[in-house]
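Have a look at the model first, then read on.

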Amino acid sequence: MRASDPLNELRERLARYPADRYPVQHATAQFHLGGLLVESNRVDEAREALSAARALFPVERMPVEHAKVLNALGAVHRLTGELDTAAECFHAAEQRFADAELPLERGAAVFNLGLVSRQRADETDALAWFRLAAELFDPVQAPAESAASAREIAASLLATGDPRAALDALAPASAHASAMVARGAVANLTGLAHLALDVPEQAIDDFTLAVAANPRGVRPGEYAMAKANLALACERAGQQDRARLAACQALGVPGAAEQVRAQATGVLDRLGHRACALPEVLDTVAEEHWPPLLREELARWADVGEPDRRAAASAWIDGQLARPSTSMALAEAWLGGLLELPPDAMTTLIRSTLAALAAKDEQEPFRRTVSSAMVHFHVPQWMRLRDTFTAVAAGFDGEQRWG
């Protein structure tokens, strides 16, 4: 481990300040060590470090420091499902922060009590705690915390069957949500409220924003959830192809939550599965909006197994050829999406596409259109496409060249 590693530095500080001679310095280092260990998902070690800090911060002389450790320790217990112990920690921390007249710190403990109630499936109790947290968090001093409280209030209101009040609660959350992930969470909750109010068209706009705020490669879990919700909204709005596409893309995220998978699967069970509904969806949007849609679908292709990838490629080939007026534009957009992939993924998708093409009776129209579309790219990109297609095609049709 490098000397500059924060964990190593804190352990060196613990050795430099032994607990029997420097209890406060040792406790401070243990507290910070516990926080870093939680971030690394090393919860058992974090609990040990924070427990040591709690023992060394005397509650009578250092009640605030003791309460901060209790709040962090409660978070560890909540993560491990020890909800009664977590609640005890948060209650004690909240009382000491209140005695010290520290509203922001008290708000953090109260917010955590709301999360405990939610894990206990008591949304009424959770709502009361989140509302108290919102009162304690000054939007100017703590905009992120204020927005988070508003989001959780809205989530509890949705869970208790009051979507109109949830929309009202989301107004301050939207105003104070500065981070992209926070804006995505607000958009997702707003979409759920609009769905509950039977306004699916508005929900589609909300979930589209949630998808954009949670890129597949950055926050895949949130992306999959937003896509599954988008699929449901599109189904409700009668946009069946778009619903199929969104559901497939939610299912295509490796490790998507079981609830997300169940919702997306339900949409496909009701509407009927298609290997790739993208051509039908592209029929409904302007050409300048094609690239992000292709980017998301090709990312899905890259993650699914070869049979599903080949089936999707086959459907894309058929869809492109069935649209002679836009076939060239579709081919160009598809090639542009391939170029954005890592080299190995691009080669894999080309191989699956040519395997699907080899199984078709009529192959020349697709090859001719794609080859013609290649020359629309700058020379380095054209050469990369031409050489990759030609190299992969050698395994299917000998020396036939592309581009």
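## Helices α17 and α20

Helix α17 (residues 306-321) and helix α20 (residues 364-374) cross at roughly 80°, and their axes come within 10 Å. Axes here are lines fitted to C-alpha atoms, for helices over the stretch in contact, and angles run from 0 to 180 degrees between N-to-C directions. α17 and α20 are therefore roughly perpendicular to each other, a label for angles of 65 to 115 degrees; under 35 counts as roughly parallel, over 145 as roughly antiparallel and the rest as oblique. Helices (H or I, at least four residues) are DSSP runs, numbered from the N terminus.

On the α17 side the contact uses W316, I317, Q320 and L321, and on the α20 side P365, F366, T369 and V370; contact means heavy atoms within 4.5 Å. Ala, Val, Leu, Ile, Met, Phe, Trp, Tyr, Cys and Pro count as nonpolar, Asp, Glu, Lys and Arg as charged, and the others, Gly among them, as polar.

A note on the source: this is a predicted model, where local features need pLDDT of at least 70 and side-chain atom pairs count only at pLDDT 80 or more, while totals for chains, interfaces and linings use all residues. Residues are numbered from 1 along each chain as its sequence is written, and side-chain values use heavy atoms, with hydrogens and water left out.

## Two further helix pairs

Helix α18 (residues 327-339) packs on helix α19 (residues 343-358) at an angle of about 140°, with the axes 9 Å apart. α18 and α19 are therefore oblique to each other. Here W334, L338 and L339 of α18 meet M346, L349, I350 and T353 of α19, a set with 6 nonpolar, 1 polar and no charged residues.

Helix α2 (residues 23-39) and helix α3 (residues 43-56) pack at about 155°, with their axes 8 Å apart. That makes α2 roughly antiparallel to α3. Residues in the contact include F31, L33 and L37 of α2 and A49, L50 and L56 of α3. By class, this contact has 12 nonpolar, 3 polar and 1 charged residues.

## The largest pocket

Which residues lie nearest the centre of the largest pocket? They are T208, K227, R242, L293 and E296, out of 26 lining residues. Elements giving two or more residues to this lining are α11 (200-213), α12 (220-236), α13 (240-251), α15 (278-282) and α16 (290-303). The lining has 13 nonpolar, 5 polar and 8 charged residues.

A pocket, on a 1 Å grid over the protein atoms alone, is an open set of points where a 1.4 Å probe fits, with protein on both sides within 12 Å along at least five of seven lines; lining residues have an atom within 4 Å of a point.

## R78 in helix α4

R78 is found in helix α4 (residues 63-79). Not counting residues up to four places away in sequence, R78 touches L83, A86, F90, N112, L115, V116 and Q119. R78 and P172 are 94 residues apart in sequence and 27 Å apart in space, C-alpha to C-alpha.
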